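Subject: Structure handover

Hi,

Here is the structure for your files. My notes follow below it.

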Amino acid sequence: MTRSGTFSVRPNGDPSAAVRNAEDILTTTFLDWLGAGDTRSIERQLQTALLEVSQTSEEESSMPLGVNVFLACGDSRLQQLPWEAWARRLVPQGLPSNSIRVIRTARDDPQGLAGQPPPESLKKPRVLAIVAEDNHLDVDGDWEIIRGLRPVADVKKAKWLPEDAPHVITRKVFEAIADDRGWDVLFFTGHSSDQENTSGTFKLTPMVSLSVNDIREHLETAQRQGLRLAVFNSCSGLAIAQSLTRSGIQAIVMREKIHDDAAQEFLTQFCQRLREYQDAHTAMMQTCEVLRSAENIKFPSAHLVPSLFSPPRVLPYRIKSYVWRQQMRKWLPTKRELTTAGAVLLLGAVPVVQDVLVEVRVALQAVYRDITQQVPVMAEDAVPPVHLIAIDQRALDMAGITEAEPMPQAFIAELVDEVSLYQPKTIGIGYLLDDPDAGSSQLLDTMREVSREQGSWFVVPTSSDRNLEVFDELQQLEVSLRSDANFYTWDVDTPDDSDLEELCPFGYLMALSHSLNASPATANITSFRQKVDQAVGDQEIENVGNDFCKSVIALTNTVLAENEQSRSFIHQNKSFLGWQSIIDFSLPPSFFYQRTLASNLLEESSSDADTTAQSSDQVFIIGSGDYADAEDNYSPPLAIEYWWCLSLNRPNTQDSNQGTRQSCAYQPRSFSSSEFHAYMTSQLLQRHQVRVVPNYLMTGLAIFLGKGTVLALQKQPRAKRKKLIRTAFFAITGYGLLSLQLYVSVPVLLPVLFPLTVLLNYLGPITRRIF
């Protein structure tokens, strides 16, 4: 069975031998005829050119070495002759037999398309297969062979249903050919003929035939979208090839009738070579060599039937082996994109810039919480986890203190004694007590007495930056726990992300100590440091030398394992992926700590003091307020000023959970380090961690999304681009609003300014071109 009908050969003896004999007669006669004409000078020119080309190393050429001969014949009978045999005869010994390659072309090129191949695509090659319906041909086997190109190409099949009407079938084929995503290669397998129409015809079903003229408009659309090669694995395709070449499309066709088995063998060998990234012409010629070899003697003379037709000056199509490199090349940034992305990443790495961005963002979060009414309201009888005793100027005047730096330790002792009325479990001293003074013994005695009567532990600060330690007697005091008071304005320090080698951060140790001291396992421990040392001596925990912080955590996880609250505290306050955890000033101070002025505390009598059970559950910090000589006061963050302006936390007064909106008429005051520590301690106790997604991570994601969006938009029609660009800008706005809400709900801080700057830098040029 042939791919244009049946034929039979009735020679005497072996049919294959008779066909080969006929082939010899044909080629000999053809070559003799050429030799008798004016082809000698052409042959000499070709051989000279071939010798020059052979001097070039293959590494210097992207194509196989050789000479391409474009052949245009005015008479279709000349096109049917085996010009490939003539080319092989011209190749000198020692060079590959395919060194001179005949490429047939159309004689006329009225539209000039032949010299203008479509731009080379950077996407993965797309292959369309039109597989005819025919019960006498193994077209299903052909489809499986073409599907074998899937490792190197996106292979699709034009589909229709057996019950579809002829006009439905043709419409589906038209739509498949003109798909707006474009094709690189078109395969047809089935019956074809060049007898009925000058443009050639091919059958989709026994009842549906199309000519190249029928699909010309769709072919030209496909050619503009990247169609480079059409392979008609069917009989008598000369007219089809001529028509395709005039449209600027390379074509491989069978010039004569061909047996179904031979056509399928050709397709198998040809697709295998395409899959090996050979160009279409080389793949066709090597396939013909295989068909001509002794091993394939069952297909005599089949190697003379396939031919490549191509527009002049167009290189044979090849599936590129470096598609992934082309894809990567598309993603390379332009100079503008690289400059913007580099500047953003560099700025985002500057600490001062980071601080400004975080401060402004947290202030916006405070406004957002207030406007959307997402500020938590504490129960009427509830108190915040931390109680800050702020030493103010009035308290100093009441005590007759004229020199507050350093703070007299006798005055601190007096405040500790007053605080003891609240029966606190943990008291933090917010002053560096590096030198003893006249009141040191009073302070030590007060701390021992309060610890003995109330079971209180004291957290005292040191300064690793200034290399300041507490004085020796205080350091040896059994009820005192040393910590490091250094802090970064926005960070909530935890041991695993701290640079400290020995001591826990002040706020962390305050919170951890409070969790531990509330445990029944530590109820009778008057010296927690002694408990740590005993656990090390009994080998209950690992000896970590001077790293007291790690010892406390180890003790909590082992000896005090039944203290679920403390173990949960350590687990939930661990660093996450090294991401920064920040102080959440987007919530008002009243949510985190109660602020009482020292002057008010001293004026209260024992009967007036609020010694409720809730107060005993608070962590107390004695620290600096707003007095003249204070050295550890800072400018308040913008968010804090916002809350003060709303009177949610009036300065210089005891805090309240309720406030009324009024004009910002308060007298500005400073924000002390003790208030920073109060925020940190309270956040740790409440397991309230706001994680900051690194700016470089979101900027990198914006670069990826921006470039990907631009590349996707470039593939779309202009009208659709407008719609997609509007959608992109809506998405950008949505991201900004989503980031505000995620901060409240998760909570996590997603950078906005720098990622959106990068994204808009990508979308800006294409938006201006479209609108």
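Predicted model: local features only at pLDDT ≥ 70, side-chain atom pairs only at ≥ 80, totals over all residues.

Helices (H or I, at least four residues) and strands (E, at least two) are DSSP runs, numbered from the N terminus. Residues are numbered from 1 along each chain as its sequence is written.

Overall fold
The protein chain has 29 helices and 22 strands. Of its 771 residues, 52% are buried (under 20% relative accessible area with a 1.4 Å probe, protein chains only; exposed is over 50%, partly exposed in between).

Cavities
A cavity is a set of points, on a 1 Å grid over the protein atoms alone, where a 1.4 Å probe fits but cannot get out; lining residues have an atom within 4 Å of a point. Volume is the space filled by probe spheres set on the points, with grid points joined across faces, edges and corners. The whole structure holds two cavities of 30 Å³ or more. The largest cavity has a volume of about 160 Å³. Its lining counts 16 residues, with E84, R88, M285, C288 and E289 nearest the centre. Helix 4 (83–89), strand 2 (100–104) and helix 10 (280–292) each give two or more residues to that lining. Helix 10 gives the most, with four.

V350 sits in the loop between helix 12 (335–348) and helix 13. V350 is partly exposed, at 33% relative accessible area.

Best wishes

Notes
Heavy atoms only, no water. 1 Å grid on protein atoms, 1.4 Å probe; cavity = no way out; pocket = protein on both sides within 12 Å on 5 of 7 lines; lining within 4 Å.
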